[in-house]
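Please look at the sequence and structure first.

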Amino acid sequence: MPYTNRKFTPMKETKIKIEGLNCYYQRKMVLKGCQGVFEENAITTIIGPSGVGKTTFLMVLNRLYELIPNCRVAGKVEIRLNSRYVDIHSLPLATLRKKVGMVFQVPNPLPMSIFKNVAFPLRLSGVKDRKYLEEKVKEVLKDAILWDEVKDRLEDSALKLSGGQQQRLCIARAMITQPDVLLLDEPTSSLDREAGLKIEELLAGLKERCTLIIVSHYADLTRRISDSVVTLKDGRFQEHGNSP
Amino acid sequence: MNRLTEYGVIIFAWITGIILIGAIGVLLSFLLYKGIPALNLSMIFGETGTLDALLLRKTVVDGLFPAIAGTILLIITSIIWAIPVGVASGIYLAEYCNVSWKPLFNFLLDVLAGIPSILVGLFGFAISIFLHRHLSEHIYPCFLISSLALACLVLPYIIRTTEQSLGNLPFSVKTTGLALGASRLQNILFILIPYNLSSIISGIILAIGRCAEDTAVIMLTGVVAMAGIPTSVLSQYEAIPFYIFYISSDYNSQEELIKGFGASIILLGICVFLFTLSNILKKKVAIRFAIHK
């Protein structure tokens, strides 16, 4: 009921354009000619039944699908970078994945300290200046509403944090490279209600800085924080409308 | 009926467990009972002073010290050869290998794991003859050939544990680094290997045990009696497993046989020492990375 018969009315600049996107696992077609656009600096939630291809769609956007054996993609996916649209397949993988970050359903902190976890993407890019790293880590941890909880134990293992804290840490880690798009695969599904609400609060604050695409099973999450909702059914986007 | 079957299975499991522990207990007790009377410093260092022998100032000719040193050096060298090749092969199979090629590689790996050690020894021997004929007349069966042959023997343990531990990681963990912009190599080096170090060390522990006990390989590739401590990788050497085999098959007196039991206890001690060292390392790694699997 809540998402039917709503017209798609883009209010902002388009960040991602999808045209005729097909995705196959071996011979099985998971995504069947998906079309659509995703607004910049907005939260778009993708909902749909289990196994319909929501996570696959996210993995197409940052080309993680390439790691799945026998997974193929056809069609056009363009992302707006520096005011022009670029096909994601023409971008170097590392560049694309820094521009399109991803947070998984189950928090996956790396087996290292909280500080090293958050600083990891910058270190990968060759940043060695400790002072700069400390500033950036502090900044993103504050954005992730985690700084006050961890500021005195940055050298502790990130694996000692609670599930909710770990998920916020993963979001902070993904945000440290200042991605243009952040993909979140059911970010609150493995957390209790309180931790889930904190994540929601965090995500609502992040959309000023990047475009968020969230896969979620929970309609209440989509209602509360989404700007628009897409339903993926039978491999296609069935509805594309603005959330109340 | 179901309940009865369940009780039957539990009792069977208990009995097999007890038999296994009992067998190990009997074996160890027998070994200790027979071997402990032979254990003393003169068995290890003979007439040579302990300090002189340890500092390599004098050669031990009538003790087991050269064999102990040879065994430890052989295990360490073989493991040093086997680790990079084994871990790299495991990573290749888990991360890079084409899906259609994987069954073939797995089959070949199973074949390698199933090759009797005497054949690996023969292969090492053939290599040494080939090198002697075509490369240098100074190359004979030696420490280097032995360690390489032993490394081949233990490779499957390291490859399998590395491959399986990497393969069993959840997709989200495997792709964490990649999703953050890491290259495949960075992902392997900074995330996958630290995550799996504990499991990889388990494979290395298994390999250490295999290196320590194997006699067939070294018998054909360089071990001899009375060779002393190896002075180079091309020299021959002594090893405890060979001493045990030699003394037990060709003893002249009861005293010599008891010395064989004593040597067995020493070999067991070397294994326990290396296992403990590896386990400490494994635990430290597990604590450091607090692996949550």
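## A:Ile88

A:Ile88 counts as buried because 20 C-beta neighbours lie inside 10 Å, and the cut-off for that class is 20 or more. The model is a predicted one. In chain A, the loop between β5 (84–87) and α2 (93–99) holds A:Ile88.

Apart from neighbours within four places in sequence, the contacts of A:Ile88 are A:Arg63, A:Val77, A:Ile79 and A:Leu96. A:Val100 is 12 residues from A:Ile88 in sequence, and their C-alpha atoms are 9.9 Å apart in space.

## Helices α7 and α10 of chain B

In chain B, helix α7 (residues 143–167) and helix α10 (residues 184–213) have axes that come within 8 Å and cross at roughly 150 degrees. Angles over 145 degrees count as roughly antiparallel, so α7(B) is roughly antiparallel to α10(B). The crossing of these two helices is right-handed.

Residues of α7(B) in this contact include B:Leu150, B:Tyr157 and B:Arg160. On the side of α10(B), B:Leu192, B:Gly203 and B:Arg210 are among them. Sorted by class, the contact of α7(B) with α10(B) has 12 nonpolar, 7 polar and 2 charged residues.

## Contact between chains A and B

Chain B gives 19 residues to the contact and chain A gives 23 residues. On the side of chain B that touches chain A, two or more residues come from each of α8 (171–174), α9 (176–179) and α10 of chain B. The largest share, 4 residues, belongs to α10(B).

By class, this side of chain B has 12 nonpolar residues, 7 polar and no charged.

Note on methods:
Residues numbered from 1 in each chain as written. Chains lettered and ligands numbered in written order. Predicted model: local features only at pLDDT ≥ 70, side-chain atom pairs only at ≥ 80, totals over all residues. Axes fitted to C-alpha atoms, helices over the stretch in contact; angles between N-to-C directions. Parallel < 35°, antiparallel > 145°, perpendicular 65-115°, else oblique. Left-handed = near helix turned anticlockwise from the far one by under 90°. Contact = placed C-beta atoms within 7 Å. Nonpolar A, V, L, I, M, F, W, Y, C, P; charged D, E, K, R; others polar. Buried ≥ 20, exposed ≤ 12 C-beta atoms within 10 Å, placed from the backbone.
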